[in-house]
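Work through the exercises below in order, trying each task before you read the solution that follows it.

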Amino acid sequence: MDTGIKIIKGLLIALLLLPSLAWGGETQIARMNPYILGAGTGAAAGPTYCSSATQAGTTTYLICEDFEGSADCGGTGDDTYCWNTWVPTGSVVFNADGIEGTRSAETDTAAEARFFYKAVTATDSLYAFFMLKIVDTPSTAAKNIFYLTATGTYKSIQVVVSTGRALYVAHGTISSIADPTTALTEGTTYYVWFGYTKSTTDAPENGTAYVCYSEDMTKPADPTTDAACSNVTVGDLDRQVNRVYFGSPTPSDADYVIDRIRISSTDIGSDPE
């Protein structure tokens, strides 16, 4: 029996040493396969891309857009890179080099106003998530990067980039310009969250809006206190919103790249699909 056990042990040792002999004497058993001895569960998951104009993963949105689809984007050229058909003004580029994936949208307003929009079902509250890279900062006046229009009025809800690259929001005639976010940096990719709820009372009004940003997918914990957020709590717009815009409606030297758009009627948290 002892002899048989010794033979079996010898065969097992020989089998374990074979990879070492094949790879020049360095034992690589665990390192060559991270699953051996519980050494891992595989590579980290990548971003969740849209699978339709309203779907990403298991989440349904009002709008899902990452410029990786095959639908007509709505421009004058052969821009079949979108999931949604947008309404652009000016020469919006829908196939700019991607800040995530292959393509992104770019609104360079140096020569003209450039923005794109899409209608949504009218809603009391609207929330957005998108990726943003500021290529060129507006040098003479603050310019919109994202805004909404409300049913029955020209008043709008705005996310504005200041000449100092800080973000602030406007809710009707009330803005957070006096308390903007900390400054962003040109050329850096950011994740941006936005929320709007219409006012339901008068004197005082109680409409709310916020904008927050992060360099990763973790949303700042409190939009009312975090330095990477700016907010309004006494907004005076009492209308539903029914259209979302990206870009600036006036010419300037601002240039923004936008990607991974998610629009919802419920608040969007960290690491959205």
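**Exercise 1. Decide whether Trp86 counts as buried or exposed.**

Step 1: The relative accessibility of Trp86 is 2%. Step 2: A residue is buried under 20% relative accessible area, exposed over 50% and partly exposed in between, with a 1.4 Å probe and only protein chains considered. Step 3: Trp86 therefore counts as buried, because its value is 2%.

Before going on, note that the model is predicted, so that local features need pLDDT of at least 70 and side-chain atom pairs count only at pLDDT 80 or more, while totals for chains, interfaces and linings use all residues. Residues are numbered from 1 along each chain as its sequence is written, and side-chain values use heavy atoms, with hydrogens and water left out.

**Exercise 2. Find out which kind of aromatic pair Trp86 and Phe246 form, and where the two residues lie.**

Step 1: Rings of Phe, Tyr and Trp (its six-membered ring) pair if their centres lie within 6.5 Å, and planes under 30 degrees apart count as stacked, over 60 as edge-to-face and the rest as tilted. Step 2: A search of the whole structure finds 17 aromatic pairs. Step 3: Trp86 and Phe246 form one of edge-to-face type, with 6.3 Å from centre to centre and 80° between the planes. Step 4: Trp86 sits in the loop between strand S3 (63–65) and strand S4 (87–89), whereas Phe246 belongs to strand S16 (residues 241–248), and the two are 160 residues apart, so that the pair links distant parts of the chain. Strands, like helices, are DSSP runs numbered from the N terminus, with at least two residues of type E for a strand and at least four of type H or I for a helix.

**Exercise 3. Describe the pair of Phe146 and Phe246, and explain why it ties together parts that are apart in sequence.**

Step 1: Phe246 is buried, because its relative accessible area is 0%. Step 2: The pair with Phe146 is tilted, at 4.9 Å from centre to centre and with 50° between the planes. Step 3: Because Phe146 lies in strand S9 and Phe246 in strand S16, the pair ties together parts 100 residues apart in sequence.

**Exercise 4. State how many residues the largest nonpolar core has and which of them have the most contacts inside it.**

Step 1: A nonpolar core is a set of buried Ala, Val, Leu, Ile, Met, Phe, Trp, Tyr and Cys residues joined through side-chain atoms within 4.5 Å. Step 2: The largest one has 44 residues, and those with the most contacts inside it are Trp86, Phe94, Phe116, Phe146 and Phe194. Step 3: Strand S8 gives the most to this core, namely five residues. Step 4: Apart from this core lies another, of 16 residues, which include Cys50, Tyr61, Met217 and Ile268.

**Exercise 5. Work out how strand S10 (residues 156–161) pairs with S9 and S11.**

Step 1: Two strands pair if DSSP finds at least two bridges between them. Step 2: S9 (residues 143–150) and S10 pair in the antiparallel sense over six bridges, and Ser156 in S10 is the bridge partner of Thr149. Step 3: S10 also pairs with S11 (residues 167–171) in the antiparallel sense, over five bridges, where Leu167 is the bridge partner of Val161. Step 4: S10 and S11 form a hairpin with five residues between them, and in the turn Arg165 has a positive phi of about 65°. Step 5: S10 is mostly covered, since five of its six residues are buried.

**Exercise 6. Describe what surrounds Thr182.**

Step 1: Thr182 is found in the loop between strand S12 (174–175) and strand S13 (189–197). Step 2: Because its relative accessibility is 38%, Thr182 counts as partly exposed. Step 3: Contact means heavy atoms within 4.5 Å, and, not counting residues up to four places away in sequence, Thr182 touches Arg165, Ala166, Tyr213, Ala227 and Ala228. Step 4: The side chains of Thr182 and Tyr213 make a polar contact of 2.6 Å. Such a contact is a pair of N or O atoms within 3.5 Å; within protein, one must be able to donate a hydrogen and the other to accept it, and residues adjacent in sequence count only if both atoms are side-chain atoms.
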